[in-house]
Amino acid sequence: MTTRMEHTGSYYAATANAVPDRPALTESIDADVCVIGAGFTGLSTALHLAEAGFKVVVLEAARIGFGASGRNGGQLVNSYSRDIDVIERNYGHDMAAMLGSMAFEGADIIRQRIAQYHINCDYKPGGLFVAFNKRQMHELSEQQALWARYGHDDMQLLDDAALGNYLHSDKYIGGLLDKRGGHIHPLNLALGEAAAIESHGGLIFEDSKVVRIDRGEQPVVHTEHGRVTAKFVMVAGNAYLGNLVPELAAKSMPCGTQIVTTEVLGEEKARELIPQLQCVEDCNYKLDYYRITGDFRLLYGGGVTYGGGDPRSIENFLRPHLESTFPQLKGVKFDYAWGGDFLLTMSRLPQFGRIGDNIYYAQGYSGHGVTTTHLAGKLIAEALRGQAERFDAFAALKHFPFPGGRMLRAPYTAAGALYYGLRDKLGI
């Protein structure tokens, strides 16, 4: 008997839209494409393919959105964890132009999905990046100019006075408003996309952990009680993939991040914090991020635990951050606290590619997964339909191993983060 894995005890799970129970796979079936993982990468891939007429089967080890897709901060942050200037420096102008043209596409896909399938997920437009010091303000000014070079000009630089119209915190000296950003209830978005897949005839099986992939001309994906024979396989397990595909695990690392959600504040008090309800992300290396939920709580996240997992007390870890940002909330009650893992790469750029001719993968969004996962699904669907140019641009990015291999990747990365954390504190 397979043990049923439920969602973590998050605000999202507690406020999820009602959904039907989905069965485990208990038979042998055929498909055009078997997708492993019902997070945003897998769901986006499956939905684009189902819309195009492919016979799609999605296998999920636990629940839809069980991993990072159903636990994250819910912020639509455009571009990638390493920005276009880094890509241009390492790969040249043509590669930067290709990836730069797609940098804001993921959020547009999400908005289109919400509208087309009437997904109730508390979407609110607008995102703020906020600076603690002059160095960070200079970086935001450069970021605005960089994005404008690649056609993304919906940015507004805010000085201290202008920022006051959007955020009531004395911590910052200015910021950058991304009018094409926004925020959502991520688990409800995932559940809505799953229903959309099924409306096109796609099949989704929960409690169906993949235990083996038989590679070959027609790969076979095995679960404990069933199997799928497919023309193509899409691997979308990300930080929860384990060692199912060893060559993917060797060049990535799960990292934990944590979130708390306050009691209901009410609209008036919530707007005293963030008057126009945009989501917020600071400019530190080890950044904090926060926003107002659809029922007017403050959702606040931050921190990184390299190698995955959570600190002993998420509440004790995040309360000083929250109360420093909003002293007016000192002592506020937390109704929810949870953590989850995202997948980090050495380059901080996503890893796309193929294993052989018929196993595709996309992973390692390094903290920018909400939007880039949705782009990934579209690009994989394009590639399977014979238009692989955009997918291949991402696949050309090099996949670097972490120094010291799997045993030492966490301490080495943590040491680097300690250095950048010290820089954040010193403002240099």
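Here are a few friendly notes on the predicted model above.

1. Ground rules. This is a predicted model, in which local features need pLDDT of at least 70 and side-chain atom pairs count only at pLDDT 80 or more, while totals for chains, interfaces and linings use all residues. Residues are numbered from 1 along each chain as its sequence is written, and side-chain values use heavy atoms, with hydrogens and water left out.

2. Confidence. The chain has a mean pLDDT of 91, and 92% of its residues reach 70 or more; pLDDT is the predictor's confidence in each residue, from 0 to 100. Residues 406–426 are where to take care: pLDDT is below 50 there, although the stretch has 32 contacts in the model beyond near neighbours in sequence. A contact means heavy atoms within 4.5 Å. Where pLDDT is low, the predicted coordinates should not be read in detail.

3. Overall fold. You will find 14 helices and 17 strands in the chain, taken as DSSP runs numbered from the N terminus (helices: H or I, at least four residues; strands: E, at least two). The radius of gyration is 21 Å, close to the 22 Å from the globule rule for 428 residues, so the chain is as compact as a globular protein of that length. That radius is taken over C-alpha atoms, and the rule is 2.2 Å times the number of residues to the power 0.38. Of the contacts between residues at least 6 apart in sequence, 75% join residues at least 24 apart.

4. Burial and surface. Buried residues account for 57% of the 428 (buried is under 20% relative accessible area, exposed over 50%, partly exposed in between; 1.4 Å probe, protein chains only). The chain exposes about 17500 Å², with carbon and sulfur atoms supplying 51% of it.

5. Two backbone spots to look at. Leu277 is not a glycine, yet has a positive phi of about 65°. Leu277 sits in the loop between α10 (267–273) and β12 (279–282) and counts as buried at 6% relative accessibility. Ser366 also has a positive phi, near 60°. The loop holding Ser366 runs between β17 (359–363) and α12 (369–384), and Ser366 is buried, at 8% relative accessible area.

6. A strand residue. Val211 belongs to strand β8 (residues 210–214) and is partly exposed, with a relative accessible area of 49%. Its C-alpha atom is separated by 5.3 Å from that of Thr223, 12 residues away along the chain. Leaving aside neighbours within four places in sequence, Val211 contacts His222, Thr223, Glu224 and Leu244.

Key: Areas by Shrake-Rupley, 256 points an atom, 1.4 Å probe, with all protein chains shown as cover.
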